[in-house]
Amino acid sequence: MPDGPRDADRAARATADRAAERERVEESRIAMMRQLAETTACRRQFLLGYFGDELPEPCGNCDTCSSGTARDASAHVADGANDAVWPPDARVEHAEWGTGVVMSTEEDRITVFFESAGYRTLALADVEERELLERV
């Protein structure tokens with residue numbers, strides 16, 4: 001049976017690749033939770049964005065809203081102009097990471113979830129200048 005070892009090698013490589021992909025996604029989730037812990041913006045806005053929903057104004061109820069940092073941070077969030085180009089839930093394509101879904105867009109960055117690479121936060125200037133994403 002000459003195809004046996006080759007098939008086993010192929011299966012082992014596919015399993016290793018899948019495990020590495022899963023690890024990348026898990027690491028990106030940890031990075032997103034670290035961002036939540038470190039944000040000075042409204043935590044409710046952040047969490048809703050993580051799950052693909054949107055809250056236009058800071059909630060006024062979380063710790064960052066109570067301390068006043070969320071209002072300061074919201075002054076730096078996009079005025080909606082970038083949402084027109086990269087709206088939440090828009091499907092995009094990246095040359096390396098494949099198809100993804102826009103989770104949130106801020107003044108200077110966009111966060112996209114890619115099935116194979118997890119959450120990626122990209123600078124909007126790079127996305128536009130280097131044409132890193134394409135709407136699909």
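The largest nonpolar core has 14 residues. Such a core is a set of buried Ala, Val, Leu, Ile, Met, Phe, Trp, Tyr and Cys residues joined through side-chain atoms within 4.5 Å. Here buried means under 20% relative accessible area, exposed means over 50%, and partly exposed lies in between (1.4 Å probe, protein chains only). The residues with the most contacts inside this core are Trp86, Ile110, Val112, Val127 and Leu133. Two elements, β3 (109-114) and α6 (124-129), each supply at least two of the core's residues. The largest share, three residues, comes from β3. Helices (H or I, at least four residues) and strands (E, at least two) are DSSP runs, numbered from the N terminus.

The model is predicted: local features need pLDDT of at least 70, side-chain atom pairs count only at pLDDT 80 or more, and totals for chains, interfaces and linings use all residues. Residues are numbered from 1 along each chain as its sequence is written, and side-chain values use heavy atoms, with hydrogens and water left out.

Take Ile110 next. Leaving aside residues up to four places away in sequence, Ile110 touches Trp86, Val102, Ser104, Thr105, Arg120, Thr121, Leu122, Leu124, Val127 and Leu133. Contact means heavy atoms within 4.5 Å.

Now the strands. β3 and β4 pair in the antiparallel sense over six bridges. Two strands pair if DSSP finds at least two bridges between them. A hairpin of three residues joins β3 to β4. Arg109 has Ala123 in β4 as its bridge partner.

Aromatic rings come next. The whole structure holds four aromatic pairs. Rings of Phe, Tyr and Trp (its six-membered ring) pair if their centres lie within 6.5 Å; planes under 30 degrees apart count as stacked, over 60 as edge-to-face and the rest as tilted. The ring centres of Tyr50 and Phe51 are 4.9 Å apart and the planes stand at 90°, so this pair is edge-to-face. Tyr50 counts as buried at 12% relative accessibility, whereas Phe51 is exposed at 63%. Tyr50 also pairs with Tyr119: the centres are 5.0 Å apart and the planes at 25°, so the pair is stacked. Tyr50 lies in helix α2 (residues 43-50) and Tyr119 in strand β4 (residues 118-123), so the pair ties together parts 69 residues apart in sequence. Tyr50, Phe51, Phe113 and Tyr119 form one aromatic cluster.

Charge meets ring elsewhere. The charged end of Arg120 sits over the ring of Trp97, 5.1 Å from its centre. The rule asks for NZ of Lys or CZ of Arg within 6 Å of the ring centre and within 35 degrees of the ring normal.

Last, the salt bridges. There are five, each a side-chain nitrogen of Lys or Arg within 4 Å of a carboxyl oxygen of Asp or Glu. Asp7 bridges to Arg10, with the closest N and O atoms 3.1 Å apart. Asp7 and Arg10 are three residues apart in helix α1 (residues 3-38), so about one helical turn separates them. Asp63 and Arg43 meet at 2.6 Å, N to O. This pair links distant parts of the chain, with Asp63 in helix α3 (residues 63-67) and Arg43 in helix α2, 20 residues apart. Asp63 is partly exposed, at 44%. Arg109 forms a salt bridge with Asp108 (3.0 Å, N to O).
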